[in-house]
Amino acid sequence: MPTSLSGARVVTPGGVLDPGWIRLRGSMIGDVGAGRVDDGVTLDGHWVLPGFVDLHMHGGGGHDVATSTAELRGAVDFHRSRGTTSTLVSFVAAPVDRLCTQLSWVAGRPAGGVLGSHLEGPFLAESRRGAQNPDHLREPDLGVVRELLGAAGGTLRVMTVAPELPGALDAIELLLESGVIPAIGHTDATYEQASAAVARGARLATHLFNGMRPIHHREPGPVLAALDAGLAAEMIHDGVHLHPAIVRMVAAHPAVRLVLVTDAIAAAGVPDGDFELGGQRVVVRGGVARLAGSDALAGSTLTMDVAVRRTVLDAGLPMQQASAAASATPAAVIGAAGSVGAIAPGRSADLVVLDDELRLVAVLVAGAVVAGELPGRR
Ligand SMILES: [Zn+2]
């Protein structure tokens, strides 16, 4: 276990220290500063970022979080090896009793780094369902919300709702009162309908642009309603779901709070093949996941390290902004910014080391290397 790191470009909330150093105190970050320290592991030519925080993850490494606790753990471990040191676990629409079972797995604290669950359904618009199973979509119902909250035992962090559905605004209000971040997504809402959801408590937009009414110059829809209101906006920057120019445009919005997510399914990190999502068959070819027999994208095979690299190299955002979108902003959205998401004293020593070309070199969790290895190690 290293006690300090030195010589890398260190991405901190106040800016990039080039070079900078980090002193670890046990599992925590003790101190951070510009320049060098003599006793550290030398990381010249590298970047050190805070560990990634993914708010939207369905699987990875061949594991589907909706299958069992063991599979859930497998997916979390896979993404941790790619730099996601804190994550939500996302469940797609399913029968309510099944969702309750899945939520109870997360309530049982199945693995380190799991900050809670995200329900992506079942209150979603059929017309914007993407790869969601239409058999399991339903209209918002406060009784169902209470049932889900009960099963989650305080670990439900985010729920995606289509705000134009009857009863959706009441559900959004109940979620917020219950400590859950209401997200708008899989929605055909107009700008006004989405703005009404914001007024009642929506705080996040689920994969902005994907699974929602697109921008029209006379009806800007949920995309601009979310951005104008300063909602945190998830983006799946895998080179398939969004053009880099769209990421660049969103990043330039004056009220933007960009959040990079993977929306990864079991197929992330494994060869092309046939998979399942929410009881439907998904075919992955060339790393692109689609519902069998359809053009609909069915999640991604993205990992957060690749999302960050694309955001800097393809969309042209500064590393400071890309890193914030991958760590500090998602941590803040779910109220975890006091413990994770930043390289600052008192935070968990969850760190990602990238090389000069932004390729993943090592991942540290609570100060210990869990994937890759530190170069120049003493
Ligand atoms: Zn999803």
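**Reading the model, feature by feature**

A: In this predicted model, the C-alpha centres of domain 1 and domain 2 lie 29 Å apart. The domain assignment gives domain 1 as 4-50 + 342-372 and domain 2 as 52-333.

Q: How many residues of domain 1 are in contact with domain 2, and which elements give two or more residues to that side of domain 1?

A: The size of an interface is often given as the accessible area lost when the parts come together. Here the description is by residue contacts: 16 residues of domain 1 are in contact with 18 residues of domain 2. On the side of domain 1 that touches domain 2, two or more residues come from each of strand S2 (15-25), strand S5 (47-50), strand S20 (360-365) and strand S21 (368-372). By class, that side of domain 1 has 14 nonpolar, one polar and one charged residues.

Q: How does strand S2 pair with strand S3, and what is found in the hairpin of S2 and S3?

A: Strands of a sheet pair through backbone hydrogen bonds, either parallel or antiparallel. S2 and strand S3 (residues 28-34) run antiparallel and are joined by six bridges. Arginine 23 has aspartate 31, in S3, as its bridge partner. Two residues lie between the strands of this hairpin, in which glycine 26 takes a positive phi near 65°.

Q: Where are the cis peptide bonds of proline 19 and proline 122 placed?

A: The bond from aspartate 18 to proline 19 is cis, with omega near 0°, and proline 19 is found in strand S2. A cis peptide bond also joins glycine 121 and proline 122, with omega about 10°. Proline 122 has its place in the loop between strand S10 (114-120) and H3.

Q: What is to be noted about the phi of histidine 186?

A: Histidine 186 is not a glycine, yet its phi is positive, at about 40°. This residue is found in the loop between strand S12 (181-184) and helix H5 (191-200).

Q: How is the packing of helix H2 and helix H3 to be read?

A: Two packed helices are described by the angle between their axes and the distance between the axes. Helix H2 (residues 96-107) and helix H3 (residues 142-152) pack at an angle of about 30°, and their axes are 7 Å apart. H2 is therefore roughly parallel to H3. The crossing of H2 and H3 is right-handed. Val96, Leu99, Cys100, Leu103, Ser104, Val106 and Ala107 of H2 make the contact with Val144, Glu147, Leu148, Ala151 and Ala152 of H3. By class, the residues of this contact divide into 10 nonpolar, one polar and one charged.

Q: Is helix H8 roughly parallel or antiparallel to helix H9?

A: Helix H8 (residues 304-313) and helix H9 (residues 319-326) pack at an angle of about 150°, with 9 Å between their axes. This angle makes H8 roughly antiparallel to H9. H8 passes H9 in a right-handed crossing. The residues in contact include Met304 and Val308 of H8 and Met319 and Ala322 of H9. The contact has eight nonpolar, two polar and no charged residues.

Q: What is the order of the open sheet of three strands, and which are its edge strands?

A: The order is S16-S17-S18, with antiparallel pairing. Strand S16 (273-277) and strand S18 (288-291) are the edge strands, each pairing on one side only. The twist from one strand to the next averages 35°. Five bridges join S16 to strand S17 (residues 280-285), where arginine 281 of S17 is the bridge partner of glutamate 276.

Notes
Residues numbered from 1 in each chain as written. Predicted model: local features only at pLDDT ≥ 70, side-chain atom pairs only at ≥ 80, totals over all residues. Axes fitted to C-alpha atoms, helices over the stretch in contact; angles between N-to-C directions. Helix = DSSP H or I, 4+ residues; strand = E, 2+ residues; numbered from the N terminus. Parallel < 35°, antiparallel > 145°, perpendicular 65-115°, else oblique. Left-handed = near helix turned anticlockwise from the far one by under 90°. Contact = placed C-beta atoms within 7 Å. Nonpolar A, V, L, I, M, F, W, Y, C, P; charged D, E, K, R; others polar. Pairing = 2+ DSSP bridges. Domains from an automatic or database assignment.
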